[in-house]
Amino acid sequence: MHFADQTHVPESQGLYVGVYITARAMLNKGQRAFVYSYDQPTHNKHTDDLSYLMGIHLFEQDENEKEIAKFYPQLFLNFSKYGEPSPNWKPLNLKDRYYSVEVNLTSGRMPAMRNHYEQETIDFWVRKAPKIDKTITVAKAAGGKMKWDKTTGEFRDLIVEDDSTAATNEAVVPVVVVYASYFHSLLLLCFVFLLGVILSCCFLSDSSSREERVWILGPDGRGMRIDPRKDLMLAKQLF
């Protein structure tokens, strides 16, 4: 779903992207997903439509909203009972079609199917953002620098400056970065292992200068501590 006046609010964009990705995944699996956008220009904030469905968050309806109240609950009821909200509401397709809920009795506008659900938001976060992320990764690996546009400072205005003239093959640079990362990790792992070996040799190895004792259980049920090298005969006599 979509509420018309909150298109560019970050929290809302997250909802739209989540809805789109889920619906598109269902489409790719051969399932049907019914996507809609509440495009009414008045009373279109989050949860306002609950006034039609549950009688909460009530507001004074104008003539267009009174018309919406006549069919809006039935859409959800039909979907829960029959798996299809309305014969006029078609499932998502490759053109990202959705059901636009907007009524204007003066102009004659009524709910209808439209293409390209939340096109600006979906284009950026689903299609452009992954490319930007890849560009940043490659640019950083090649010695590039990143800066924000001084006017807005938003993620969309990130500028990547490439200061490297050596790395020109985009496919090669990430491989070098991953290899270098694993190489340093391997060196660290080897260092820790060798350090453990050295410490164990220093503190845990056998030495004639170190007194070694073990605890045994005597015949009277009490424990006793002996030196196995000196008291071996004693231990044999006890047992």
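This is a predicted model: local features need pLDDT of at least 70, side-chain atom pairs count only at pLDDT 80 or more; totals for chains, interfaces and linings use all residues.
## The end of helix α3

Helix α3 covers residues 63-82. Its 20 residues should span 28 Å at 1.5 Å a residue, and the end C-alpha atoms lie 30 Å apart, which agrees with that expectation.

At the start of α3, the backbone nitrogen of N64 has a side-chain oxygen of D62 within 3.1 Å.

## Buried residues of α3

The residues of α3 that are buried are N64, E65, I68, F71, Y72, L75 and N78. These buried residues pack against three elements: β1 (36-38), α2 and β2 (98-101).

An α-helix has 3.6 residues a turn, so residues three or four places apart point the same way. Among the buried positions of α3 are I68, Y72 and L75.

## Positive phi at two histidines

H57 is not a glycine, yet its phi is positive, at about 55°. H57 belongs to the loop between α2 (50-53) and α3 (63-82). With a relative accessible area of 44%, H57 is partly exposed.

H116 likewise has a positive phi in a residue other than glycine, with a value near 65°. Its place is the loop that runs between β3 (112-114) and α4 (119-141). H116 counts as partly exposed because its relative accessibility is 41%, a value between the 20% limit for buried and the 50% limit for exposed residues.

Conventions: Residues are numbered from 1 along each chain as its sequence is written. Side-chain values use heavy atoms; hydrogens and water are left out. Helices (H or I, at least four residues) and strands (E, at least two) are DSSP runs, numbered from the N terminus. Buried means under 20% relative accessible area, exposed over 50%, partly exposed in between (1.4 Å probe, protein chains only). The expected span of a helix is 1.5 Å times one less than its number of residues. Contact means heavy atoms within 4.5 Å. A polar contact is a pair of N or O atoms within 3.5 Å; within protein, one must be able to donate a hydrogen and the other to accept it, and residues adjacent in sequence count only if both atoms are side-chain atoms.
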